[in-house]
Amino acid sequence: MEPVTHLMTGAVLARAGLNRKAAYATLAMVLAAEAPDLDTLWSIDGPVAALQHHRGWTHTLLGLPFEALLIVGAIWLLHRWRTKRGSTTTLAPIRWNLLYPFCLIALLSHILLDWTNNYGVRPFFPFNPHWYAGSFVFIFEPVLFAILLIALVAPYLFDLINSEVGARRQTFRGRGWAIAALIGIVALWSWRAIEHSHAIDLATARNYNGAPIKRVFASPYPGNPYRWHVIVETPTFYQLAKADTWNNRLTKAPDDLLYKPQTTLATLAAKRSWLGEAYLDWSSYPLVTDAGLSGDLDYTGLTVVTFHDLRFLYDTPFLHGREHPPLSGTVFLNQDHRVVRMEMDGRAQH
């Protein structure tokens with residue numbers, strides 16, 4: 001999920017009552033809810049390094065206890081700094097033994113949220129490198145975002161109203177709103193999971209010119225739980241389609257039929273490159289294509305091999321996946337099929 005949803009989830013979890021149990025609980029849980037995405041710093045080393053390590057160690061069950069320890073340690077240093085400045089007052093008691101499990105809860109919420117979208121996570125790495133993806137929530141889900149935002153903002157609005165009528169101000173506000181938001185999130189997930197299963201059943205029931213179906217996948221659209229991007233894999237082609245689970249309708253466009261590209265010496269060499277190995281390790285529906293000689297004057301004589309992931313090859317209000325497929329890789333090879341250049345989304349790896 002995008003960062004703001006993670007941060008708000010941490011705050012809502014704390015507001016659900018944990019902030020009354022230990023001081024710094026809200027700060028700790030907000031930091032922990034976003035901490036696993038520190039692996040985006042790998043992008044400093046280049047886009048291929050970022051692809052290889054994103055949702056890596058920081059998103060594993062093995063890594064979470066260490067992340068929780070670092071966050072609690074940082075807050076302990078903050079507390080020491082405040083104490084030396086004479087600021088010792090906290091609304092809740094200081095309980096370091098509770099702050100650590102609270103951090104673990106927020107860290108787990110990050111993995112759970114990431115699992116619900118179609119990028120996937122591998123929480124059992126390195127013991128199990130398999131990527132798991134619920135694929136029923138878009139990376140930015142407006143309904144989920146609104147639920148969390150209302151839960152955090154509404155208590156302050158009601159507090160303003162209460163202050164005008166002279167009502168007593170509560171020390172900890174928003175517990176009921178936070179609990180209601182968490183229940184709402186679970187209900188939204190359940191609804192979307194049911195429709196996701198419905199979309200796969202809808203696509204599986206169709207005939208594709210008699211071709212046997214190997215796999216079926218459905219990617220979510222934001223906002224609308226009845227609309228899905230469907231991939232049907234057969235031995236020779238991929239059929240893309242839009243599934244409307246409200247009307248039990250499957251819509252296919254002429255360019256939704258993609259024949260599986262031939263394997264060439266160039267695609268074999270590209271798959272063995274750093275980018276190729278990282279891409280194929282992550283992507284469950286890769287489309288690796290030998291695009292022939294580059295038309296770019298700067299790369300004359302080089303063969304271009306492209307990597308696309310069919311799970312993201314569709315358009316939404318936040319994603320123009322057909323015209324500009326996200327998470328796409330390009331490998332340039334010379335006449336000896338040696339890698340000359342690698343790019344992710346147009347950004348070169350140096």
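User: Which side chains meet in the salt bridge with Asp 281?

Analyst: In this predicted model, the side chain of Asp 281 meets that of Arg 122 in a salt bridge, with 3.2 Å from N to O. Asp 281 belongs to helix 9 (residues 274–282), whereas Arg 122 sits in the loop between helix 5 (96–116) and helix 6 (142–164), so the pair ties together parts that are 159 residues apart in sequence.

User: And how many salt bridges are there by this rule?

Analyst: The count comes to nine salt bridges, and between domain 1 and domain 3 the count is one.

User: Remind me, what are the domain bounds?

Analyst: The domain assignment of the protein gives domain 1 as 3–134, domain 2 as 198–258 and domain 3 as 262–349.

User: How many residues are in contact between domain 1 and domain 3?

Analyst: Twelve residues of domain 1 are in contact with 15 residues of domain 3, and the centres of these two domains, taken over C-alpha atoms, are separated by 33 Å. By class, the side of domain 1 that touches domain 3 consists of six nonpolar, four polar and two charged residues.

User: What area is buried there, and which three residues of domain 1 supply more of it than any other three?

Analyst: About 1,300 Å² is buried between domain 1 and domain 3, with carbon and sulfur atoms giving 61% of that area. On the domain 1 side, Pro 47, Val 48 and Leu 51 supply 45% of what that domain buries against domain 3, which is more than any other three residues.

User: How many residue pairs are in polar contact between those two domains?

Analyst: The count between domain 1 and domain 3 is eight residue pairs in polar contact, with both residues at pLDDT 80 or more.

User: Switching to the sheet: what's the strand order?

Analyst: It is an open sheet of five strands in the order 6-7-10-11-12, and the pairing is antiparallel. Strand 6 (286–293) and strand 12 are the edge strands, each of them pairing on one side only.

User: Where is Tyr 24, and what is its phi?

Analyst: Tyr 24 is found in the loop between helix 1 (3–15) and helix 2 (25–34), and its phi is near 70°, a positive value in a residue other than glycine. For background, most residues other than glycine have a negative phi, and most peptide bonds are trans.

User: Then which peptide bond is cis?

Analyst: The bond from Phe 125 to Pro 126 is cis, with omega near 5°.

Technical notes: Residues are numbered from 1 along each chain as its sequence is written. Side-chain values use heavy atoms; hydrogens and water are left out. Domain bounds come from an automatic or database domain assignment. Contact means heavy atoms within 4.5 Å. Buried area is the accessible area (1.4 Å probe) that two parts lose on being put together, summed over both. A salt bridge is a side-chain nitrogen of Lys or Arg within 4 Å of a carboxyl oxygen of Asp or Glu. A polar contact is a pair of N or O atoms within 3.5 Å; within protein, one must be able to donate a hydrogen and the other to accept it, and residues adjacent in sequence count only if both atoms are side-chain atoms. Ala, Val, Leu, Ile, Met, Phe, Trp, Tyr, Cys and Pro count as nonpolar, Asp, Glu, Lys and Arg as charged, and the others, Gly among them, as polar. Two strands pair if DSSP finds at least two bridges between them. Helices (H or I, at least four residues) and strands (E, at least two) are DSSP runs, numbered from the N terminus.
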